[in-house]
Amino acid sequence: MAYHLAQIMLLQVLRLWLASERPAGWLGALADPRLTRALGALHAEPARRWSLAELAGRAGMSRTTFADRFRAVVGQPPLAYLAGWRMQLAADRLRRSNEGVADIAYAVGYESETAFRTAFRRRMRCTPMQYRRRMAALLLHRTLR
C-alpha cells in the first residue's frame, strides 16, 4: 500500500510542476488527466490495434479534439507516438534479450516480421539484427574499459 501511495504522491507532484511549466512531449501530457488516460492505455497495451476513436474515448473527448490536443501537447499525432513507443520497446528487447525478431515484432504489435523490419529500419536506420549487434558490441566495449 505504501508503494501505491508513493506513486500517487509522485504523480501529484509531477502534475503540479507540469501545470506551472508546461513541458512538451509525453511529460507535458501528464498535466492533462484526459491525455494521461490515453497515454496510460497506449503504454499498458502497446501491441493492441488502437484506433483514434478508442483513444479519444479513453480520454473522454471527440476524435478531432483529442487528436488536436494530443498533437499540440505531445508534439506528434497519437498513432505516430504509438509507433515510436513500439520501436522503443522493440529496441529495448533487442538489447536485453535473445528473443527472435519475429517474436519481438508480434509482442510490440506488428502483424508480420516484414512489416516490423521495414518500420524498424525506417525509424532506427538499420535492421533489427544490425541494431542488436551494435548494441552488443557497445556493451562489450564498455565492459572491457
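Modeller: I will begin with a loop residue and then turn to the helices. Arg125 sits in the loop between helix H8 (113-124) and helix H9 (128-144); helices (H or I, at least four residues) and strands (E, at least two) are DSSP runs, numbered from the N terminus. The model is predicted, with local features needing pLDDT of at least 70 and side-chain atom pairs counted only at pLDDT 80 or more, while totals for chains, interfaces and linings use all residues. Residues are numbered from 1 along each chain as its sequence is written, and side-chain values use heavy atoms, leaving out hydrogens and water.

Arg125 has a positive phi of about 65° although it is not a glycine. Its relative accessibility is 72%, which counts as exposed. Buried means under 20% relative accessible area, exposed over 50%, and partly exposed in between, with a 1.4 Å probe and protein chains only.

The part for the close look is helix H5. H5 covers residues 63-74, and its 12 residues reach 16 Å from the first C-alpha to the last, close to the 16 Å expected at 1.5 Å a residue. The expected span is 1.5 Å times one less than the number of residues in the helix.

Phe66, Ala67, Phe70, Val73 and Val74 are the buried residues in H5. They lie on the same side of H5, because they cover an arc of only 145° around the axis; the arc is that of the directions from the helix axis to the C-beta atoms. An α-helix has 3.6 residues a turn, so residues three or four places apart point the same way. On the other side of H5, Thr64, Asp68, Arg71 and Ala72 are exposed.

The buried residues of H5 pack against four helices: H2 (26-29), H3 (33-44), H4 (52-59) and H6 (78-96). Contact here means heavy atoms within 4.5 Å.

Just after H5 comes Gly75, with a positive phi of about 100°. Gly75 is in the loop between H5 and H6 and is exposed, with a relative accessible area of 58%. From Gly75 to Ala31 there are 44 residues in sequence and 15 Å in space, C-alpha to C-alpha.

The 19 residues of H6 should span 27 Å at 1.5 Å a residue, and the end C-alpha atoms are 27 Å apart, which agrees. The buried residues of H6 include Pro78, Tyr81, Leu82 and Trp85. These four residues of H6 meet Leu39, Leu42 and His43 in H3. By class, that contact has six nonpolar, one polar and no charged residues; Ala, Val, Leu, Ile, Met, Phe, Trp, Tyr, Cys and Pro count as nonpolar, Asp, Glu, Lys and Arg as charged, and the others, Gly among them, as polar.

The axes of H3 and H6 come within 10 Å and cross at roughly 35°. Axes are lines fitted to C-alpha atoms, for helices over the stretch in contact, and angles run from 0 to 180 degrees between N-to-C directions.

Leaving aside residues up to four places away in sequence, Thr36 touches Arg15, Ala29 and Leu30.
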